[in-house]
Amino acid sequence: MSPLAHPSIQDGWFREISSQWPGQAMTLKVNKILHIEKSLYQDVLVFESETFGNVLVLDGVIQCTERDEFSYQEMIAHLPLASHPNPKKVLVIGGGDGGVVREVLKHDTVEEVVLCDIDEAVIRVSKIYLPHMSSLLDSPRVKVFVGDGFKFLAENEATYDVIITDSSDPVGPAEALFQKPYFKLLHDALAPGGHISTQAESQWLHIPLIANLLKSTRELFAVSQYAFTTIPTYPSGQIGFMVCSKEQGRDVSVPARKVTNTRYYNENVHRAAFVLPQFVQSFLEDGKDILPVFGRAAAAAKVATEGKKIRKVLLLGSGFVARPCAEYVVRDPSNELTIACRTLPSAQALAEGLPNAHGISLDVNNINDLEAQVAAHDLVISLIPYTYHVTVIKAAIKAKVHVVTTSYISPAMRELDEEAKRAGIIVMNEIGLDPGIDHLYAIKTIDEVHAKGGKIKQFLSYCGGLPAPECSGNPLGYKFSWSSRGVLLALLNSAAYLSEGKQLDITGNELMGYAKPYFISPAFAFVAYPNRNSVPFREWYNIPEAETVVRGTLRYQGFPEFIKALVELGWLDASEKDWLKEGLTWAQTLMKYEQGERDLVMLQHKFVVEWADGSEQTLTSTLEQYGSPSGHSAMALTVGVPCGIATQLVLDGVFKTPGVHVPYTKEICDPIRELLESEGLGLVERVL
């Protein structure tokens with residue numbers, strides 16, 4: 001039996017990363033994983049931590065730990081209960097771990113507690129791994145109902161003295177628990193004078209949400225107040241509650257009686273929980289945000305104050321590499337980003353969480369619609385298949401709008417150079433990984449060698465987008481980190497390169513036969529084979545002295561033999577096959593990344609240099625970049641970020657010369673490379 005593993009646990013540490021608290025994460029050291037399952041509703045994880053005991057995690061978010069759960073359970077329960085004069089019937093929505101029920105039963109007035117949780121897995125798992133919280137679910141005063149809380153509330157109007165909603169964060173289905181219709185159900189299910197308490201997020205992270213909750217509840221309840229507690233393992237170490245009453249004039253901040261056998265709660269803490277910091281009070285009561293303004297927000301304020309021109313950017317495509325590019329573009333608050341995709345949900349999904357960004361539906365085959373959108377922007381980033389680039393560039397020329405692509409420049413694109421110059425626009429191409437980053441460091445080293453009087457006798461450049469070694473267990477040692485169709489069709493490309501002064505031409509069917517072992521590091525068993533036509537790069541890179549010029553692809557050993565067999569079987573032939581049924585996707589199934597896996601980008605230039613004194617040296621420039629299972633793939637970063645950088649430089653006027661360009665010159669490469677290195681994506685240069 002293989003050991004338990006979970007994508008949120010890497011290198012022995014659990015990491016809680018969520019769009020609900022961007023830019024920060026809670027981490028706990030893991031002793032061992034105790035339980036993993038996919039319930040009908042959510043991902044359920046329990047692990048034993050080094051310092052917080054057993055931890056229950058739902059959909060990647062900490063729900064409770066043995067060490068600090070009491071502060072949350074006590075406060076969400078005792079604030080509404082202790083301020084109620086005589087609570088007898090209590091309903092708990094959510095809270096399947098049993099912690100809230102445990103606290104409710106500390107009130108002698110309570111005769112009946114109903115727990116309603118939609119997920120039986122939470123109740124079942126908590127009884128095994130959190131018995132100190134869940135043991136009282138078997139109390140004769142407790143009834144457990146597994147089902148939909150909305151339906152339960154609607155069927156039990158005017159019934160309960162106190163209702164406590166122990167909900168998860170407002171993401172997905174749980175978002176409905178933070179909206180007015182849900183609070184109306186709570187209101188109607190309360191007996192006269194009843195109280196509610198609901199999880200109401202962090203004042204450090206969610207003040208606008210808290211303000212909306214106050215507004216909604218004050219329209220329904222006679223009394224509505226926000227209170228909070230501290231808890232180390234919740235975001236920013238704090239969580240809040242909406243405490244409401246149907247009774248006019250009732251002060252929920254004052255306890256009506258004592259509660260014994262508590263660890264966090266007492267009468268003074270009850271009162272203090274409603275005393276809010278000034279920045280929270282100012283926002284909730286006066287609508288004034290007095291928090292410090294810094295970073296992007298400060299830059300945005302400066303843009304507004306100075307009246308800086310807003311630059312409108314159109315990004316075509318929402319594929320694997322688009323998100324890092326989009327993130328880079330919207331760093332500048334003077335940029336507005338429109339993400340266009342054939343399907344609106346895909347565009348909206350890519351734009352979600354990005355400032356100054358929105359998604360639209362656009363079919364680039366509809367020339368009129370394409371031209372209209374291009375004309376409405378200042379720059380177009382084309383991340384759609386390269387076959388559409390000419391159409392996009394023609395639309396940009398017509399509208400006098402700049403263009404950036406990551407694709408190789410085609411002869412048809414080169415032919416538009418004069419038209420682009422007349423239109424006064426920049427069309428920047430080949431600025432991703434390969435092509436892109438490879439150009440930046442080839443030009444750098446070649447210029448440096450020439451400046452010192454040296455000659456480049458051999459130039460070898462190989463790049464591979466691969467699964468990380470621990471994720472490479474399929475027969476090909478390969479998985480898709482970009483377009484699957486593009487990957488497979490590239491295997492049929494012919495290739496040409498220079499070897500010892502002679503040009504070698506290889507057909508696509510022969511390509512895998514030219515794959516040879518290639519050493520970069522003892523840790524890797526790579527093979528390399530030529531990619532496309534390397535011959536023109538002797539001219540484009542200004543190395544007429546070079547006898548060997550090859551640009552190629554890296555794969556793990558075993559890949560060429562497997563692909564060669566597929567070619568011979570005709571599986572990579574694009575023509576229609578009678579035996580291939582619709583929906584049969586062998587490549588997607590065999591070669592997809594599973595949850596928790598990461599990719600690797602390996603790029604290396606090797607320069608054999610002859611110096612003026614006749615001596616030789618071998619110089620290398622190497623990029624070894626790994627993706628993050630909980631973030632961006634290495635491929636997405638190394639393609640998307642350079643594209644974003646080039647876009648910004650075009651917008652800022654750093655590149656001024658109109659025409660169709662590629663990064664083969666110092667003037668283009670140096671500014672991009674400088675910013676790329678500030679992003680931590682530079683190559684490591686060595687002398688062998």
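Okay, let's start with an open sheet of 7 strands, in the order 9-8-7-10-11-13-12, with mixed pairing. Two strands count as a pair if DSSP finds at least two bridges between them. And when I say strand or helix, I mean a DSSP run: E over at least two residues for strands, H or I over at least four for helices, numbered from the N terminus.

Before I go on, this is a predicted model, so local features need pLDDT of at least 70 and side-chain atom pairs count only at pLDDT 80 or more, while totals for chains, interfaces and linings use all residues. Residues are numbered from 1 along each chain as its sequence is written, and side-chain values use heavy atoms, with hydrogens and water left out.

Back to our sheet, with its order 9-8-7-10-11-13-12. Its edge strands, each pairing on one side only, are strand 9 (142–146) and strand 12 (223–230). On average, neighbouring strands here are turned by 15° against each other, direction ignored. For angles like the helix ones coming up, axes are lines fitted to C-alpha atoms (for helices, over the stretch in contact), and the angle between N-to-C directions runs from 0 to 180 degrees.

Now some pairs. In general, strands of a sheet pair through backbone hydrogen bonds, either parallel or antiparallel. Strand 11 (190–199) and strand 13 (238–245) run antiparallel, joined by 5 bridges, and His195 stands opposite Ser245 in strand 13.

What packs on this sheet? Helix 6 (180–189) does, touching strand 7 (89–94), strand 10 (160–166) and strand 11, and its direction makes about 145° with that of strand 11. Helix 7 (207–218) packs on the sheet too, touching strand 12 and strand 13, at about 145° to the direction of strand 12. Contact, by the way, means heavy atoms within 4.5 Å.

Let's zoom in on strand 7. It is largely enclosed by the rest of the structure, because 5 of its 6 residues are buried. Buried means under 20% relative accessible area, exposed means over 50%, and partly exposed is in between, using a 1.4 Å probe and protein chains only. Strand 7 runs parallel to strand 8 (112–117), with 5 bridges between them, and Lys89 stands opposite Glu112 in strand 8.

Helix 6 has buried residues as well: Tyr182, Phe183, Leu186, His187 and Ala189. Their cover includes strand 7, helix 5 (149–154), strand 10, strand 11 and helix 7.

Next, helix 9 (278–286), where Phe279, Val280, Ser282 and Leu284 are the buried ones. Helix 7 and strand 12 are among the elements that cover them. In the loop between helix 9 and helix 10 (295–306) we find Asp289. Is Asp289 buried or exposed? It counts as exposed, because its relative accessibility is 54%. Asp289 is 82 residues from Ile207 in sequence, yet their C-alpha atoms are 9.3 Å apart.

There is another open sheet of 7 strands, in the order 16-15-14-17-18-19-28, and its pairing is parallel. Strand 16 (357–361) and strand 28 (659–661) are its edges, each pairing on one side only. Neighbouring strands in this sheet are turned by 20° on average, direction ignored. Strand 15 (335–341) pairs with strand 16 over 5 bridges, and Ile339 stands opposite Gly359.

One residue I picked out is Thr647, in helix 22 (634–651). It counts as buried because its relative accessibility is 0%. Apart from neighbours within four places in sequence, Thr647 is in contact with Val313, Val329, Leu379, Ile381 and Val404.

How many cavities of 30 Å³ or more does the structure hold? It holds 1. A cavity is a set of points on a 1 Å grid over the protein atoms alone where a 1.4 Å probe fits but cannot get out, and lining residues have an atom within 4 Å of a point. Strand 20 (455–467) and strand 25 (548–556) each give two or more residues to the lining, and strand 20 gives the most, with 3. Among the lining residues are Asp434, Tyr462 and Arg551.

Finally, the whole protein: 23 helices and 29 strands, with 54% of its 688 residues buried.

Notes: On a 1 Å grid over the protein atoms alone, a cavity is a set of points where a 1.4 Å probe fits but cannot get out, and a pocket is an open set with protein on both sides within 12 Å along at least five of seven lines; lining residues have an atom within 4 Å of a point. Grid points are joined across faces, edges and corners, and a volume is the space filled by probe spheres set on the points.
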